[in-house]
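Hi everyone, thanks for making time.

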Amino acid sequence: MYDLRWIRDNPDAFDAGLAARGVAPQAQEILAQDVQARANRTSLQEIQNRRNALSKQIGAAKSKGENADGLIAEVGELKDALQAGEELERDLSQALRETLSGLPNQPEPGVPVGADEEANIEVRRHGALPVFDFEAKQHFEIGEALGLMDFEAASKLSGARFVVLRGALARLERALAAFMLDIHTEEFGYTETSVPLLVREHTAFGTGNLPKFEDDLFKTTDGFYLIPTAEMVLTNLVRDEVLAEADLPLRFIAHTPCFRSEAGAAGRDTRGMLRQHQFYKVEMVSISHPDQSGEEHERMTACAEAILQRLGIPYRAMLLSSGDMGFSAQRTYDLEGWMPGQDCYREISSCSNCGDFQARRMSARFKPKQGKGTGFVHTLNGSGLAVGRTLIAVMENYQFADGGFAIPEALQPYLGGMTRIG
RNA sequence: GGAGGGAUGGCAGAGCGGUAAUGCAACGGAUUGCUAAUCCGUCAACGCGUAAUAGCGUUGCGGGGGUUCGAGUCCCCCUCCCUCCGCCA
């Protein structure tokens, strides 16, 4: 959500930012509406002022037992104008709110401008790619051959884009989540949080998933949305709050299932468990002081990278282009893990700084120590990491010719000392 | 599912038709060897105004309608929270 006053002062920058995201210019239209709304507000306030003054006189007159009929008649003449002004005020501000709530965030300076992932910039690469003296398999080939990954069973239950894991593989998934949580909570200062997986509309609005992306969400018959990421809940923890400046930053982490309809992804990544309607993810959220969000963003990305490093998964960090970023983000790093079976890097984490965009939608503020009023916090979110995709990366990077795969050393304590599966 | 109670500023909490009490916290100022205490002010959003302040004004008592010269207060609808009963992990 945008600050109208910022658009007033920077209409060209506003449109340029939208253009970078493939959205047509809006400033002229918005500012015209804004001028109209303010003009109406001013004249409405004058009428309200008169009504209040007259009403006070009426009250005073009546308490003295005097006749107030003249005054009552006078204030009665204001009635139509008052009602019309109030109605117009409602309509105009609602129209503006609707327009603004459907516009994506501005890319930060330094974000490459481009239509899609082609324009992303690789900023770092870490880890040597594994070399195999056999043809590397994809995770589902390994998992199915071991009898531990069962797409048929899942489809019997739920159809396409679900999976059943069994035995050691199911345990590996659980171990990965525990491993990630332990590091982020014990070493990086995130507070482990157990959260609802079903949320109401205003919560989905706060993070920017509604109103524009309702099709991506699952909705229950009684109006709940299933969370597509814990970002939605963790970020909304500060909705309608006024935080003390000294309490910032707040850092939350949660391990949750994520539910996505994948409405626009028909035919993409249909094999395996890369793209599912349901998957586990460990999600970090930071609520930051506006002056520190850039720094916090780098820190958060480093936290996610630490997991990949300790698991020995080669990866690269991509600075997303304006067109590839999510709706609410102003700057995003994707971490792409190496997938030997596919012979390419695939997204395994996405870390975004949303600036005050979500904070405005949620009314999440802080009280500065100096100065009057309140300011909006900045919100950041990042996967640390997507558990399902990390599982894939482990299986593929550590695979053996015989169809089994090794457990990364750091993870072995979480699997009762197991060193390999299969 | 049944019955009842509630939603007021950062927090607590009164007001039940006539300009939103009071307390706590926070911030600014005054005072003061220092700290504490005390006193005064500020403390949300928006509009006008300004270089920025100041200043003036409007709104704000969960949301939306209505009655009234005037609504936190009365009427209607909705949302959420709590308590008890029933059912249940």
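So, which residue in S15 is the bridge partner of Met284? The bridge partner is Gly382. Before going on, two notes: this is a predicted model, where local features need pLDDT of at least 70, side-chain atom pairs count only at pLDDT 80 or more, and totals for chains, interfaces and linings use all residues. Residues are numbered from 1 along each chain as its sequence is written, and chains are lettered from A and ligands numbered from 1 in the order in which they are written.

Back to the strands (DSSP runs of E, at least two residues, numbered from the N terminus; helices are H or I runs of at least four). S9, residues 278-288, and S15, residues 378-386, pair antiparallel over seven bridges; pairing takes at least two DSSP bridges between the strands. On S8, residues 250-259, there are 10 bridges to S9, again antiparallel. One of the residues to look at there is Thr256, whose partner in S9 is Lys281.

Nine of the 11 residues of S9 are buried, so the strand is largely enclosed by the rest of the structure. Buried means 20 or more other C-beta atoms within 10 Å of a residue's own, exposed means 12 or fewer, partly exposed is in between, and C-beta atoms are placed from the backbone.

Now helix H6, residues 139-146: its buried residues are His139, Ile142 and Gly143. Down the axis they fall within an arc of 90°, so they line one face of the helix; that arc is taken from the directions from the axis to the C-beta atoms. Just after H6, Gly147 has a positive phi of about 75°.
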